[in-house]
Amino acid sequence: MKLISSWQAPSNIAIVKYWGKYGIQLPCNPSISLTLQQAKTETKVVAQDPDSSQDNLQFFLDGERKPGFEPKIWALLQLLGDEFSVWKTKHLRIYSSNTFPHSAGIASSASGMAALALCLLEIECAFRGQEIDDSFFSTASRWARLGSGSASRSLFGGFVSWGNGPGLNSNLETAAPLPNPVHSVFQGMKDAILLVDQSEKKVSSTAGHSLMNEHWFAQQRFKQAEAHTDQLIQILTDGDVEGFIEVAENEALSLHAMMMTSSSSYVLMRPNTVAIIEEIREFRKQSGLPVCFTLDAGPNVHVLYPAAYEARIQPFVLELVQRYCAGKWLYDAMGAGPTKSITQL
Ligand code: PMV
């Protein structure tokens, strides 16, 4: 018997950042992210009866076997244990492709692990003869988290939390959409991703998280993220654009401050990252328009602004793209979450 499942899952950008983990991929602080629309991974998993001439796990990216990705998938399968029982009797072939170039410097682990978790869970449900019910995406979120923490948030659209906190539907194991309706000003929020440097990350996020274990400022950082989570919930409900700008930029710089003050320390921002940040702040001051930045664990700058201001802010963004990024950028926006795909992969 052959079981096949295909899903598309989006990437997400954290506004309140997850940085520091313990136990089995549990976050030291709550986080809130914006699910993206364009940056996605499409994955097809084929589970079939063992064939002695083939490896029991094979991963293909854009049609090419990539054994380098397989240890991470192995690790996920080990952590899932009996929950994913298909693995005991079948071989897995995983075909994946990203809508954004692999070399773009955009982490594909969130969208990749989310799409993979959906495929594995759907195959397991089919194998057990179980209907897909309301808990499907929550379970997939918990599974995706075991592969990459931030992937837990890619299972839902809009603004999504992961971790514990008053007013959150998420917990340490599973992400969830924010319970209160998000104000219309934040609906369809834009994220222009300015590609400052597309080389591989110097320090992996796994290594970065572990540096938080011995970090002088770790406990204060976790408290700050808790406070920002509380504030952001209110900000998103009230439509407080100024509050959003304050929290988003403070979080981005706090994340990088943690990296710059850990032991050993490292700097992921490049000179052009800083130049773009300064340009954004100056433009905001001069124009009064609500545009701000956030950063992931890398040098690229995410320029965030409400959709209603697109016509007035986009020319400025395009200027930055030409001046600092040799024309390289990805234009993204708030997305609705994963979709089942009828894939050609
Ligand atoms: O999902 P991980 O383990 O690669 O960690 C990523 C953490 C950040 O992207 C830097 C922040 C976040 O909350 O997404």
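Which residue lies over the face of Tyr 95? I found Lys 44 there, at 5.7 Å from the ring centre; a charge counts as over a ring if NZ of Lys or CZ of Arg is within 6 Å of the ring centre and within 35 degrees of the ring normal.

**Ground rules.** I am working with a predicted model, where local features need pLDDT of at least 70, side-chain atom pairs count only at pLDDT 80 or more, and totals for chains, interfaces and linings use all residues. Residues are numbered from 1 along each chain as its sequence is written, and side-chain values use heavy atoms, with hydrogens and water left out.

**Helix H1.** I took H1, residues 70–80, next (helices are DSSP runs of H or I, at least four residues, and strands runs of E, at least two, numbered from the N terminus). Its buried residues are Glu 70, Ile 73, Leu 76, Leu 77 and Leu 80 (buried means under 20% relative accessible area, exposed over 50%, with a 1.4 Å probe and protein chains only). Down the axis of H1 they fall within an arc of 120 degrees, so they line one face of the helix; the arc is taken from the directions from the helix axis to the C-beta atoms. On the other side, I noted Pro 71 and Gln 78 as exposed. Just after H1, Gly 81 has a positive phi of about 50 degrees.

**Aromatic pairs.** I counted 13 of them (ring centres of Phe, Tyr and Trp, its six-membered ring, within 6.5 Å; planes under 30 degrees apart are stacked, over 60 edge-to-face, the rest tilted). Tyr 18 and Trp 162 have ring centres 4.6 Å apart and planes at 70 degrees, so this pair is edge-to-face. I also saw Trp 7, Phe 136 and Phe 137 linked into a cluster by ring pairs.
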